[in-house]
Amino acid sequence: MNFRISISRRSLTIASVLVATVSLGIGAHAALNKRALDAARAIASEQGEVDAKGSRIGSKIALVIGNGHYPDANAPLAQPINDARALTATLRSSGFEVDVVEDASKDDMLRAVARLQSKVKPDTVVMLYFGGYGVQAGRQSYMIPVDARIWKEIDVKREGVSVESVLEAIQQKGARARLVVVDASRRNPYERRFRAYSHGLAPIAAPDNALILTSASPGKVADDSRGAHSVLMTELLKELTPQLAGIESAFTKTRNAIARATDGAQVPSVSSSLSEDVSFTGSVASSKAGS
């Protein structure tokens, strides 16, 4: 009887040791796997955002320019700088690397565009925001720096930075998607100097894999509201949430909300050539063909 009890206790001891050994092995294997996954995430994070499984989903970068203090204007524009700061905070909280420039000279803008271009890779989602004065000259729309000296239309081409030129610079690096928001359809302070001029911005055609939102329809101007933010930014920020399915939907909803709020007096323009919709919190949401 004692012999049977002794064997049973010994068996229990051996079983306990085996269980502990197996558990240690499983724990060690899991720890090794976790360390390997963490290392993969760290490496991928250096190149772009990673998903929950550690897979790279591409980098997200943005250039945000808010120009408010123009010497030729009767009063400073308060909204572009407020809008730039608010959008910067939203973009950064959603994983974008943001370069923000306020009251930019032409040299500031060109340097910022060069910095942006240097970061673009084939899987990069790029966003450009400009708030301030915009002028169309010829068939292009120009973002006006605060140090621009404009007396006639030809000066716009020399002193401004065209939206199209920035899109082309980004396209040369093969960005996965280009998102553009231009809140500059204001009555500019230079038009009284022109013998002939066109109101608002020229149509900005979206090149391949681009989505463009402007604050008013081509050739139209929009008055600033009395709030801290422009109507465009107020409505856009409502759409840029973690629950956002796709950025194209956000741009379209922004346009529709502004048209309703102004009884059609201000209707933003949306132009898209995206082959895949872009998730605000990720990289690519889904193929447009299948959505």
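## Cavities, confidence and sheets in a predicted model

The lining of the largest cavity is made up of 3 nonpolar, 6 polar and 4 charged residues, where Ala, Val, Leu, Ile, Met, Phe, Trp, Tyr, Cys and Pro count as nonpolar, Asp, Glu, Lys and Arg as charged, and the others, Gly among them, as polar. The structure is a predicted model, in which local features need pLDDT of at least 70 and side-chain atom pairs count only at pLDDT 80 or more, while totals for chains, interfaces and linings use all residues. Residues are numbered from 1 along each chain as its sequence is written, and side-chain values use heavy atoms, with hydrogens and water left out.

**Cavities**

- A cavity is a set of points, on a 1 Å grid over the protein atoms alone, where a 1.4 Å probe fits but cannot get out, and its lining residues have an atom within 4 Å of a point; by this rule there are 3 cavities of 30 Å³ or more.
- The volume of the largest cavity is about 80 Å³, a volume being the space filled by probe spheres set on the points, which are joined across faces, edges and corners.
- The largest cavity is lined by 13 residues, of which Asp183, Ala222, Asp223, Asp224 and Gln266 are the closest to its centre.
- The second largest cavity, with a volume of about 50 Å³, has among its lining residues Ile61, Glu97, Asp99, Arg115 and Lys119, and its lining comprises 6 nonpolar, no polar and 4 charged residues.
- Strand S3 (60-66), strand S4 (97-102) and helix H3 (106-119) each give at least two residues to the lining of the second largest cavity, and H3 accounts for the largest share, 4 residues; helices (H or I, at least four residues) and strands (E, at least two) are DSSP runs numbered from the N terminus.

**Confidence**

- The protein chain has a mean pLDDT (the predictor's confidence in each residue, from 0 to 100) of 82, and 75% of its residues reach 70 or more.
- Where pLDDT is low, the predicted coordinates should not be read in detail.

**The six-stranded sheet**

- An open sheet of 6 strands with mixed pairing has the order S4-S3-S5-S9-S10-S11, two strands being paired if DSSP finds at least two bridges between them.
- S4 and strand S11 (269-272) are the edge strands with a single partner each, so one side of each has no neighbour in the sheet.
- Neighbouring strands of this sheet are turned by 10 degrees against each other on average, direction ignored.
- S3 and S4 run parallel and are joined by 6 bridges, with Glu97 of S4 as the bridge partner of Ile61.
- Helix H2 (residues 79-93) packs on the sheet, where it touches S3, S4, strand S5 (125-131) and strand S9 (177-183), and its direction makes about 165 degrees with that of S3; axes are lines fitted to C-alpha atoms, for helices over the stretch in contact, and angles run from 0 to 180 degrees between N-to-C directions.
- Helix H7 (residues 247-261) also packs on the sheet, touching S5, S9, strand S10 (210-214) and S11, with its direction at about 20 degrees to that of S10.

**The three-stranded sheet**

- An open sheet of 3 strands has the order S6-S7-S8 and antiparallel pairing.
- Strand S6 (134-137) and strand S8 (161-162) stand at its edges with a single partner strand each, so one side of each lacks a neighbour in the sheet.
- Strand S7 (residues 140-143) runs antiparallel to S8, joined by 2 bridges, and Ser162 in S8 is the bridge partner of Tyr142.

Key
On a 1 Å grid over the protein atoms alone, a cavity is a set of points where a 1.4 Å probe fits but cannot get out, and a pocket is an open set with protein on both sides within 12 Å along at least five of seven lines; lining residues have an atom within 4 Å of a point. Contact means heavy atoms within 4.5 Å.
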